[in-house]
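Reader: I'd like to go through the labels on this one and hear what stands behind each. Can you show me the chain?

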Amino acid sequence: MKKVLLYLVVGIISLSLGIAYQLNNRYDFTTVDGSTYQFKELQGKWIIINYFAEWCAPCLREIPELNKFKKLTDSKQNAVLFGISYDAMQDHELTLLAEKYNITFPLINNVEIALPFETPKYLPATYLIRPDGTVAGQLLGEQNSQSLSEAISGN
């Protein structure tokens, strides 16, 4: 009887630890290059998420500025920039799009946990998430490196 009880307790503890491990190590989203991210890992940095589409001329015009902003924030290590295609695309299509338009920032391809904001109704749209994890707001329209830098320095 004691052995059965011991096995039962050990089994319950193992199951609980396994569930806790899975929940703690679950990713929030992945990027086309296969990287996985959790918002809690990114806390302490600004998170900038830009929605774009290939049919959106202002979206395409802002890509070089977004690349410039990524390079700037990479050197300062104070922010991370991600892109999301407004249109549903397969990984190989996103990869081709990134190559075609020389997109140097990571493109999100799979969201496991809902993003902390709604999908925008207009493009281009850029969301800012503060280093503490709260949503700072949305920037509508074409952005440039300077406008993004000012947005994260003024909040």
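Reader: Why is Cys59 called buried?

Author: Buried means under 20% relative accessible area, exposed over 50%, and partly exposed in between, using a 1.4 Å probe and protein chains only. Cys59 has a relative accessible area of 1%, so Cys59 is buried. Cys56 gets that label too, because its value is 5%. Bear in mind that this is a predicted model, where local features need pLDDT of at least 70 and side-chain atom pairs count only at pLDDT 80 or more, while totals for chains, interfaces and linings use all residues. Residues are numbered from 1 along each chain as its sequence is written, and side-chain values use heavy atoms, with hydrogens and water left out.

Reader: How do you know that Cys56 and Cys59 form a disulfide?

Author: A disulfide is a pair of cysteine sulfur atoms within 2.5 Å. The sulfur atoms of Cys56 and Cys59 are 2.3 Å apart, so the pair passes that cut-off. By this rule the count comes to one disulfide. The link of Cys56 and Cys59 is right-handed, with 75° about the S-S bond.

Reader: What makes Trp55 and Tyr86 an edge-to-face pair?

Author: Rings of Phe, Tyr and Trp (its six-membered ring) pair if their centres lie within 6.5 Å; planes under 30 degrees apart count as stacked, over 60 as edge-to-face and the rest as tilted. The count by this rule is eight aromatic pairs. For Trp55 and Tyr86, the centres are 6.3 Å apart and the planes stand at 80°, so edge-to-face is the label. The two sit 31 residues apart, Trp55 in the loop between β3 (46-52) and α3 (57-76), Tyr86 in the loop between β4 (79-85) and α4 (91-100). Helices (H or I, at least four residues) and strands (E, at least two) are DSSP runs, numbered from the N terminus.
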